[in-house]
Amino acid sequence: MRQLVQKPPGRYWLVFAAVLVLLLAPAAIAYLDQPFYLDVLMRLMILAIAASSLNLILGYSGMISLGHSVYIGIGAYAVGIPAYYDQYNGLLQLALALGGAGLFALVTGLICLRTRGAYFIMITLAFAQMMYFTFVSIEEYGGDDGLVIYARSDFAGLYDLENNVRLYYLVLGCLLLTLLLVHRIVNSHFGMVIRGAKSNDRRMQAVGFPTFRYRLTCYVISGMICGLAGWLMGNFTGFISPEMMDWTRSGELIAMVILGGPGSLFGPAIGAAVFILMETVLAEVTIYWHLYLGLLLILVAKFGRGGLGGLFQRNRGTP
Amino acid sequence: MNAPLLEVSTLSRNFGGIAAASEVSLELARGEVHAIIGPNGAGKTTLVSLLAGELRADSGAIRFRGETITNMPVHARAQRGLARTFQITSIFPEFSALENVAMAIQAHAGHSFRFWRPVTQNAILQQGALNALEQVGLAGIPERNAGEMSHGEHRLLEMAMALATQPALLLLDEPAAGLGPEETTAMVAILRGLRQDKGILLVEHDMDVVFAIADRITVMVSGRTIATGSPEEIREDENVRKAYLGDGVDEGA
Amino acid sequence: MDSTLLVIQILNGLQLGVLLFLLAAGLTLVFGIMDFINLAHGSFYMVGAFFCATLTLWFDSFLLGLLLALPLTLAVGVVVELLVVRHLYQEDHLQQILATFGLILVADTLVHIIWGPEGLTFALPEVLNGQVTVLPGIRFPIYRILIISVGLLIAAGLYWVVARTRIGMLIRAGASNRRMVGALGVDIRYLFTLVFGAGAVMAGLAGLMIAPITEASIGMGNEILIVAFVVIVIGGIGSIKGAFLGALLVGLIDTLGRSFLDGMLKLVLSNQAAETSAPAISAMLIYILMAAILYFRPQGLFPPKGR
């Protein structure tokens with residue numbers, strides 16, 4: 001019997017090297033005494049998690065959400081609001097982040113997924129903006145100005161996140177877990193259905209798939225992973241504000257996914273890296289660095305189909 | 001005889017006041033090939049869409065294997081054993097031929113809320129897909145990207161996708177459209193091989209195909225059925241001649 | 001409920017509505033005809049405001065500032081269409097979003113470079129500063145009445161153009177069947193540039209009309225743009241009529257919700273609960289409206305036919 005050839009997930013050595021570098025980075029940074037770069041790497045990895053979660057719906061299932069940063073906000077507020085009431089239990093905060101993000105995705109998804117194309121794009125955008133304005137209007141939690149979080153999530157003293165290196169390794173662990181999860185999902189039975197629905201939804205229904213519930217499930221999973229990124233972000237920055245879910249943040253996530261190459265496993269992480277690199281390097285040189293970022297995005301939109309992730313992966317789109 | 005496999009009674013559908021299907025009634029038994037013919041715009045594709053569930057009927061009823069499916073969504077009908085091919089090829093162009101067929105089998109192999117094990121390790125899907133490809137003569141190219149296959153191969157692939165789920169009823173919307181003579185002959189052979197254990201509802205413009213395999217023929221004109229009968233009866237029918245066959249058998253194609 | 005306040009808030013809602021319409025009209029036309037999603041549409045709103053502010057301060061005349069700012073905004077719109085947007089009609093929505101998001105960054109940064117990080121404020125001429133009596137005992141600022149009138153006039157004009165003129169015929173044809181316009185032998189590129197430019201001018205007009213009340217500031221168009229998206233989604237993308245009704249609906253509900261919701265909630269909730277929840281709920285009202293409409297009509301109230 002002939003078997004489908006398992007397609008190679010990518011260039012293993014590059015991935016291996018990247019993980020190795022990330023594992024050793026804290027030691028090198030400590031040796032060079034440049035703690036700033038630890039922060040840069042953490043931010044990069046958190047955004048890579050968020051972008052990977054967006055890629056799950058955007059790249060693999062063809063749902064262009066322009067409101068994905070709302071889940072970062074939900075995850076971050078799941079740290080900040082309990083902290084406001086002196087509740088630092090890490091498991092509780094994590095459960096709130098995942099549960100809150102999942103619930104929001106479920107409720108809005110029920111409406112968003114009934115629509116197609118441009119409507120879907122604008123509705124995801126509108127729902128995210130709704131949360132943004134809602135948090136702006138809640139004076140109790142700082143409104144526009146946000147909240148300072150005075151202590152990070154607490155895991156009964158077993159794993160102390162106040163130590164930045166510990167937080168770093170937690171973030172790295174979450175990133176690797178996210179990538180593994182996305183890889184397994186897109187190649188699973190479930191992944192086949194969502195990719196099939198992206199390719200030809202009408203056909204999927206004609207062969208007997210109730211695609212709506214699969215797409216909705218995918219939408220919820222994606223939201224929850226992004227909620228995890230938000231939980232990390234809240235711990236990392238120690239500060240939350242509605243600005244985290246402003247729609248331009250969602251635009252940046254989309255930019256990362258497309259820069260890296262939608263529908264490729266490592267693309268979003270690469271896109272996040274490029275984004276953070278530009279921000280870190282260009283912002284040193286000029287306060288007008290957004291101009292160059294904007295021009296880059298316009299050029300990528302026109303000429304850079306598939307983004308940079310293709311370098312790291314053969315068989316883009318069919319992992 | 002038992003209750004028919006498919007029973008359509010007085011099915012109607014309007015589009016902005018124009019009756020695309022008007023009180024269509026027909027029956028189809030297991031093992032029977034029932035062809036729908038008629039000039040362009042007669043409502044044949046509307047009928048297929050109504051049966052498949054992409055369109056909802058304004059009135060009338062559809063019974064399939066003794067169950068009323070008139071208001072059932074597309075996927076639920078497919079789950080109950082109603083498979084179709086499309087007039088305009090509808091496949092998954094980014095996937096291999098094997099994956100296209102495996103997708104169809106997967107739809108009938110329980111739910112797919114299975115998130116971890118790679119689908120490629122599911123031997124049942126892979127083997128079933130290969131068998132279906134073999135049935136239509138595409139077993140030699142399972143890894144070929146469906147988007148890169150020829151038109152004729154697309155028609156066969158669609159047929160394989162429909163067969164792979166072992167449906168009770170096949171809705172075939174012009175399976176021979178755009179095929180060359182040899183490909184058409186091959187398609188007719190495939191359809192002949194299928195008829196024992198299934199019902200086939202065939203919409204087709206190619207009268208050679210229709211008269212070669214149909215047990216019963218229904219003629220539609222302007223959304224109405226004007227005649228139903230054996231191929232011989234239809235050939236002799238005055239109304240049909242006037243309305244349709246009279247102006248050249250192959251006109252409609 | 002205080003009836004004076006009600007009338008005033010209805011007028012305020014109308015004012016927001018016509019501003020939203022001016023933004024939404026361009027968005028919905030550009031999407032309807034070119035199948036193009038323009039996230040940077042709010043940038044014209046901002047650019048119009050900055051042009052008008054500078055020119056008004058320069059010539060010390062709001063009228064002159066307004067009259068000169070409009071053609072300048074048109075020029076910017078046409079240039080953007082020729083340089084960037086035109087090359088993206090064939091791309092899919094994802095690429096369009098990326099590019100127009102890039103355009104926002106470029107526009108905001110350029111405004112930052114030219115005008116600096118602070119916003120620009122300028123005063124209205126004396127004649128526009130007063131109030132008029134709209135109903136016995138109810139006075140309302142002249143300028144806001146003017147905004148409403150201008151918005152309604154333009155809505156009427158646009159309706160006339162779309163319903164009665166040859167260009168309007170092409171626009172309608174384009175919205176329901178894109179290929180047909182090309183088949184009519186019209187050089188479709190001119191039509192696209194024209195429509196895009198017209199959309200830019202209307203957005204610019206909205207921005208410069210609001211600037212004397214608020215100010216011209218960087219990113220001022222990015223938030224209201226989202227509300228304009230809500231408007232066209234509610235109205236049905238591509239429909240001018242839908243954009244108009246959607247804009248008035250959203251403008252009224254948002255304004256009235258913000259001013260009367262806590263009063264209404266107090267009828268069913270405790271005072272404190274009403275006061276804390278009212279701002280959050282009124283911020284969500286228009287989105288809830290959108291969700292409700294889309295739940296029953298996923299294509300909005302007036303979906304263009306034949307798509």
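1. Contact here means heavy atoms within 4.5 Å. By that rule, the meeting of chains A and B takes 35 residues from chain A and 44 residues from chain B. Keep in mind that this is a predicted model.

2. The A/B interface by area. The size of an interface is often given as the accessible area lost when the parts come together. Chain A and chain B bury about 3800 Å² between them. Carbon and sulfur atoms carry 61% of that area.

3. Polar links between A and B. There are 18 residue pairs in polar contact between the two chains, both partners at pLDDT 80 or more. Helix 6, helix 7 (189-207) and helix 8 (211-237) of chain A each give at least two residues to the side that touches chain B. Helix 7 of chain A has the largest share of that side, with 14 residues. The salt bridges between chain A and chain B number two. One salt bridge joins the side chains of B:Glu158 and A:Arg203, with N to O at 2.6 Å.

4. A:Asn200 deserves a look. This residue sits in helix 7 of chain A. Is A:Asn200 buried or exposed? A:Asn200 has a relative accessible area of 15%, and buried means under 20%, so A:Asn200 counts as buried. Its side chain works in two directions. Across to chain B, the side chain of A:Asn200 reaches the backbone oxygen of B:Ile91 at 2.9 Å. Within chain A, a polar atom of the A:Asn200 side chain lies 3.1 Å from the backbone nitrogen of A:Arg203. Leaving aside neighbours within four places in sequence, A:Asn200 is in contact with B:Ser90, B:Ile91 and B:Phe92.

5. The C/A interface. Here 46 residues of chain C are in contact with 42 residues of chain A. The two chains bury about 4200 Å² between them, with 79% of it on carbon and sulfur atoms. Which residues of chain C lose the most area to chain A? They are C:Leu94, C:Leu98 and C:Phe101, which together make up 16% of what that side buries.

6. Polar links between C and A. Nine residue pairs are in polar contact between chain C and chain A, both partners at pLDDT 80 or more. Helix 4 (93-115), helix 9 (220-235) and helix 11 (271-296) of chain C each supply at least two residues of the side that touches chain A. Helix 4 gives the most to that side of chain C, with 16 residues. The rule finds one salt bridge across this interface. C:Glu91 forms a salt bridge with A:Lys302, and the closest N and O atoms are 3.4 Å apart.

7. A nonpolar patch on the surface. The patch is formed by A:Phe16, A:Leu20, A:Leu23, A:Leu24, A:Val165 and A:Tyr169. Together these residues have about 550 Å² of accessible area. Helix 1 (12-32) and helix 6 (164-187) of chain A each supply at least two of the patch residues. Which helix gives the largest share? Helix 1 of chain A does, with four residues. A:Leu20 lies in that helix. A:Leu20 has a relative accessible area of 42%. Buried is under 20% and exposed is over 50%, so A:Leu20 is partly exposed.

8. A covered helix in chain B. Helix 1 of chain B spans residues 44-52. How many of its nine residues are buried? Eight are, so the helix is mostly covered. The buried residues are B:Lys44, B:Thr46, B:Leu47, B:Val48, B:Ser49, B:Leu50, B:Leu51 and B:Ala52. Just after this helix, B:Gly53 takes a positive phi of about 105°.

9. Positive phi at B:Glu174. B:Glu174 is not a glycine, yet its phi is positive, near 50°. The residue lies in the loop between strand 7 (169-173) and helix 6 (181-194) of chain B. B:Glu174 counts as buried because its relative accessibility is 8%.

10. Positive phi at C:Asp60. C:Asp60 is also no glycine, and its phi is positive at about 55°. The residue lies in the loop between helix 2 (41-59) and helix 3 (62-83) of chain C. Is C:Asp60 buried or exposed? With a relative accessible area of 70%, C:Asp60 is exposed.

Conventions: Residues numbered from 1 in each chain as written. Chains lettered and ligands numbered in written order. Heavy atoms only, no water. Patch = residues over 30% accessible without salt bridge, like charges linked within 9 Å, V, L, I, M, F, W, Y side chains within 5 Å. Areas by Shrake-Rupley, 256 points an atom, 1.4 Å probe, with all protein chains shown as cover. Salt bridge = Lys/Arg side-chain N within 4 Å of Asp/Glu carboxyl O. Buried < 20%, exposed > 50% of the residue type's maximum accessible area, 1.4 Å probe, protein only. Buried area = accessible area lost by both parts, 1.4 Å probe. Polar contact = N/O pair within 3.5 Å; in protein donor to acceptor, adjacent residues only side chain to side chain.
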